[in-house]
Amino acid sequence: MLFSVAGQSLDSLDLKVLLVTKGLKVSLDVYDQFGLTGRIHPDPRACNCVILPDGTIVHVTDVALHMRYLKGAVLLESLRNVRHALGMRTPFRLVVSARGTPVILYENEEVTEVGLPPASRFYEQRTSSGLPYLGNAVLQGVDFLSFQCLWPCDYAKAGYSCQFCYSGGVFERLARRGKPAPVIPTHRDIAEIVDYAVNREAAAGHLQLTGGSTLNPQAECHLIGAILGEIDHVVGLESIPGEVLVYTTPPADPRAIDQVFDAGADRVACSLEVWDEALAEITTPGKWKFAGRRRYLECLEYVAGKYGPNRACSSFVVGLEPAESFLEGAEYLAARGIVPIASIWIPFGKPVMGNMKPPGLDFYRQIKQGLARIYVKYGIEPPGSAGLNVCACRDIWNHRTEIIEGAERPCFAGQ
Ligand code: SF4
């Protein structure tokens, strides 16, 4: 499926990266008219998305709302960055068309009609302990429940947060001021949220558990095992129809990860984020200092060796390094049965190496074609089914055949 934007012909992945990296201005009418019939919520913590006609899930950063939220949430030292970000202008808008449907415009030209996930009351809920779901978990796309921060990031608290990580930035600033870290959900809170999303609303089939990086990964693996145990007790792991993906800090002894699999994880991710070693040292200083590249690779290879291909994953923030170095890392991992996950860098509000400008479309096309080839060559399948808000990997896998065929044609769409 092709879209026309500024005289260029884009496929759904091209359009997705433009929308994710540039954001949209969402008309208030969209929230008013579709807020009850679809899942769209006027709070950036709700992780809104739209669905392109071919089913591709696209994250919606409502630039105006996002910046207002950042201004309220960050401390004075970050206001300079927010001012910088406020100066950013997006050419994309999400509005209600004359036909009464949600459409994306580029500079007032209609690009496409879009869909929304089914309406949900998820973000109105609180756990029995009073913890609001909003701000602690998100529904992504049409089938994923994700927890963004189930345990604090020790690296960030020690002053070594990753440059692109919003949660890490919050932990680092609070620790520097001697203030308490944000409240972390209890095991019971987590299990109740999973129960609501999976059993009561059937809004999610896949589960993603994520926390910060810790200085005691052995204990972190134990903690994850306990969380999964509580989910099993309250929800029943067998009632989760999709997969359970767990992100963890690589332990010094990789065998500690066995207890995460024993507790019910289907896949475990230890995220390198950036392959180029010089850039990784600058942009992910805590991961570099406290764990180091070798430990990440040892753990990933341990999991792939013991549990087989497609059980170990490593997430990358795509847009921070040249396409060549990312693809070199992706191929290195895929050749060992490890899944490279491609998360598109969202540049709003947090500069990386002083930069808030994402790469151009040619960069992402190189990634798309390179990853499609790598996934097929090594039999690698990224997590999920319909796709996630800001990850491109499952979309690439879903479209791998047409991407590879398109790349082999002399005149690929838009080039
Ligand atoms: S280690 Fe993880 S949680 Fe901590 S700052 Fe980096 S990406 Fe964020």
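This is a predicted model: local features need pLDDT of at least 70, side-chain atom pairs count only at pLDDT 80 or more; totals for chains, interfaces and linings use all residues.
Started just past H6: Gly 178 takes a positive phi of about 70° there. Residues are numbered from 1 along each chain as its sequence is written. Helices here are DSSP runs (H or I, at least four residues), numbered from the N terminus.

Next I looked at H6 itself, residues 166–176. I found Gly 168, Gly 169, Val 170, Phe 171 and Glu 172 buried (20 or more other C-beta atoms within 10 Å of a residue's own, with C-beta placed from the backbone). These buried residues pack against helix H5 (154–157).

I listed its neighbours (C-beta, placed from the backbone, within 6 Å), among them Cys 153, Tyr 155, Cys 162, Ser 167, Gly 168 and Lys 287. H5, H6 and helix H11 (285–291) each give two or more residues to this shell. By class I get five nonpolar, six polar and one charged (Ala, Val, Leu, Ile, Met, Phe, Trp, Tyr, Cys and Pro are nonpolar, Asp, Glu, Lys and Arg charged, the others, Gly among them, polar).

Last, H7 (187–200) and H8 (217–234): they pack at about 45°, axes 8 Å apart (axes are lines fitted to C-alpha atoms over the stretch in contact, and angles run from 0 to 180 degrees between N-to-C directions). The contact includes Ile 190 and Val 194 from H7, and Ile 227 and Ile 231 from H8 (contact: C-beta atoms, placed from the backbone, within 7 Å). I count seven nonpolar, two polar and four charged residues in this contact.

How values were computed
A residue is buried if 20 or more other C-beta atoms lie within 10 Å of its own, exposed if 12 or fewer, and partly exposed in between; C-beta atoms are placed from the backbone. Two residues are in contact if their C-beta atoms, placed from the backbone, lie within 7 Å.
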